[in-house]
Amino acid sequence: MKNFGIAFLFLTSIFSYDKSFAQVLDSALANDFSVCIRHIVIEGNVKTKPQVILRELLFAENDSIQFKNLNRNLSESKLNIINTGLFYSVVFNLKNWEGKNIDLYITVEEKWYTYPIPTIDIFDRNFNSWYVEHNHDWERLQYGIRFLQQNLRGRDENLRVNILFGFVQKFEAAYEIPFIDRKQSFGLQVKVSYIRSKIVAFETRNNIEQFYFDADDFVRKSLVIQSDFTLKPGFYDKNIFTAGYVHSTVEDTIPKLNPVFFLNEKKDQQYFALGYSFIRDNRDIKGFPLHGSYFEANILKMGILPDDNINMFSIQATYSKYFSLGKNFYLSIRNKLKFSLPEKQPYFTQKGFGYKTDYVSGYEYYVVDGQSFWLGKLNLRYRLFKIELNNSEVHSPLRASKLPFALYIKTQVDAGYVKDDFYFQNNSLNNSLLIGGGPAIDIVIFYDINFSFEYSINRLGESGLFLHLSTFF
């Protein structure tokens with residue numbers, strides 16, 4: 001045992017904890033041998049409190065771990081820390097082997113946590129719709145500032161403030177406390193948002209949004225107040241209980257143009273809502289996963305009190321699976337289902353395809369509204385390269401000495417179906433199988449900023465180049 005301890009100490013002196021080191025460890029001892037994590041030493045955390053990092057470990061000080069499970073425990077713990085989004089790099093080192101005792105050194109490199117970002121936003125649903133359909137009209141842009149303070153007080157708390165102007169104005173503030181108890185199981189988030197707009201999509205015709213614009217007045221105003229109470233008993237499961245209040249109003253012209261905008265020619269819509277979400281997240285890197293799985297189920301009831309002028313119920317479920325095929329090939333499958341009642345819903349509230357990430361490739365210019373839908377996405381990626389750009393000699397507020405950067409080529413196939421019992425007469429894509437896809441390029445920076453350039457062809461024979469951006473902002 002003494003000889004092995006010397007050999008083990010030698011290995012830990014020349015290896016950081018990575019795949020090659022894990023293979024050495026796995027083959028070194030019999031399965032019934034255990035090690036004790038005597039001390040856990042954290043280095044590089046200038047602002048982050050140690051308990052934020054320790055919470056993500058599958059073990060604690062003085063825990064014994066069977067050697068056959070050591071590789072898995074260290075790998076999963078490292079990914080948990082990376083997925084907090086607080087660090088550019090996380091390195092594990094095993095040191096000071098004595099008998100069955102060993103020390104774990106965790107070295108982190110913190111991100112830049114304060115982001116006051118001057119912002120130009122697109123009012124339209126996506127970049128492609130603004131650039132092509134609306135002839136990249138500069139008046140349809142919002143301008144202002146987005147302020148994000150991550151890791152407030154060093155406890156992984158986030159403060160977001162968005163102030164945007166233009167003919168669509170948005171004032172929003174959100175504060176997230178991931179854990180409010182000593183055991184770090186319960187969390188809280190509060191969000192307030194106020195939007196007023198001189199333009200509004202009052203109906204969908206031929207699966208194209210129809211807009212009403214008033215240069216002299218704000219056509220629509222919306223106030224949203226929401227609080228989320230979270231329960232996270234382990235590393236991969238999260239329960240979210242949501243309560244919210246929504247009040248939206250439009251000027252008199254809108255219900256005349258579309259009497260079912262809020263239903264029954266109403267000019268306002270106000271209600272309380274209750275919701276519950278369950279999330280099981282087993283992805284390796286949340287911002288751009290290549291391995292693992294993700295499951296989310298949501299239940300939402302809109303209209304709780306007798307005075308609420310809406311009564312809707314919806315259920316959604318999403319499941320994604322990510323595979324490594326070897327030799328830098330990766331496969332991902334995503335399925336999403338939505339079901340909602342009643343059949344007759346306000347135009348303003350019911351959503352189908354064309355919003356955020358719910359779209360079929362090649363149909364970015366269209367809106368397909370309905371009460372229920374199914375969406376499936378299949379992606380096959382090949383990683384051309386993955387590098388870490390040396391930033392140590394650059395005077396930058398990002399402070400990271402190495403900036404991760406990766407480039408993938410991919411092919412994708414999407415399919416979806418929107419069931420619509422109310423708005424289908426003037427929209428031929430409703431109640432129809434939609435298929436689209438094509439080649440694409442993904443550029444990934446910092447693990448959580450993804451630029452996707454997609455050339456897609458849809459079932460109508462239409463094709464085009466589409467840009468999609470995903471970021472932690």
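Biologist: What volume does the largest cavity have?

Modeller: The largest cavity has a volume of about 30 Å³. Please note that this is a predicted model, in which local features need pLDDT of at least 70 and side-chain atom pairs count only at pLDDT 80 or more, while totals for chains, interfaces and linings use all residues. Residues are numbered from 1 along each chain as its sequence is written, and side-chain values use heavy atoms, with hydrogens and water left out.

Biologist: How many cavities of 30 Å³ or more does a search of the whole structure find?

Modeller: The search finds one. A cavity here is a set of points on a 1 Å grid over the protein atoms alone where a 1.4 Å probe fits but cannot get out. Its volume is the space filled by probe spheres set on the points, which are joined across faces, edges and corners.

Biologist: Which residues line the largest cavity?

Modeller: The lining is made up of Phe353, Gly354, Tyr359, Val360, Tyr363, Tyr366, Val368 and Leu434; lining residues have an atom within 4 Å of a point. Seven of these residues are nonpolar, one is polar and none is charged. In this scheme Ala, Val, Leu, Ile, Met, Phe, Trp, Tyr, Cys and Pro count as nonpolar, Asp, Glu, Lys and Arg as charged, and the others, Gly among them, as polar.

Biologist: Turning to strand E13, where is serine 248, and is it buried or exposed?

Modeller: Serine 248 is in strand E13, residues 237-250. Strands (E, at least two residues) and helices (H or I, at least four) are DSSP runs numbered from the N terminus. Serine 248 counts as buried because its relative accessibility is 1%; buried means under 20% relative accessible area, exposed over 50%, and partly exposed in between, with a 1.4 Å probe and protein chains only.

Biologist: Which side chain does serine 248 join in a polar contact?

Modeller: The partner is serine 222, at 2.9 Å. A polar contact is a pair of N or O atoms within 3.5 Å; within protein, one must be able to donate a hydrogen and the other to accept it, and residues adjacent in sequence count only if both atoms are side-chain atoms. Beyond its neighbours within four places in sequence, serine 248 is in contact (heavy atoms within 4.5 Å) with residues including Phe262, Asp268 and Phe348.

Biologist: And what does valine 246 touch?

Modeller: Valine 246, also found in E13, touches Leu223, Val224, Gln269, Gln270 and Tyr271, not counting residues up to four places away in sequence. Valine 246 is buried, since its relative accessible area is 15%.

Biologist: A change of topic: which peptide bond is cis, with omega near 0 degrees?

Modeller: The bond from leucine 341 to proline 342 is cis. Proline 342 is in the loop between strand E17 (329-341) and strand E18 (372-390).

Biologist: Why mention that?

Modeller: Most peptide bonds are trans, and most residues other than glycine have a negative phi.

Biologist: What is phi for asparagine 96 and for asparagine 207?

Modeller: Phi of asparagine 96 is near 60 degrees, a positive value, and phi of asparagine 207 is also near 60 degrees. Asparagine 96 lies in strand E3, residues 87-98, and is partly exposed, with a relative accessible area of 32%. Asparagine 207 is in the loop between strand E10 (199-205) and strand E11 (208-213), and is buried, with a relative accessible area of 1%.

How values were computed
1 Å grid on protein atoms, 1.4 Å probe; cavity = no way out; pocket = protein on both sides within 12 Å on 5 of 7 lines; lining within 4 Å.
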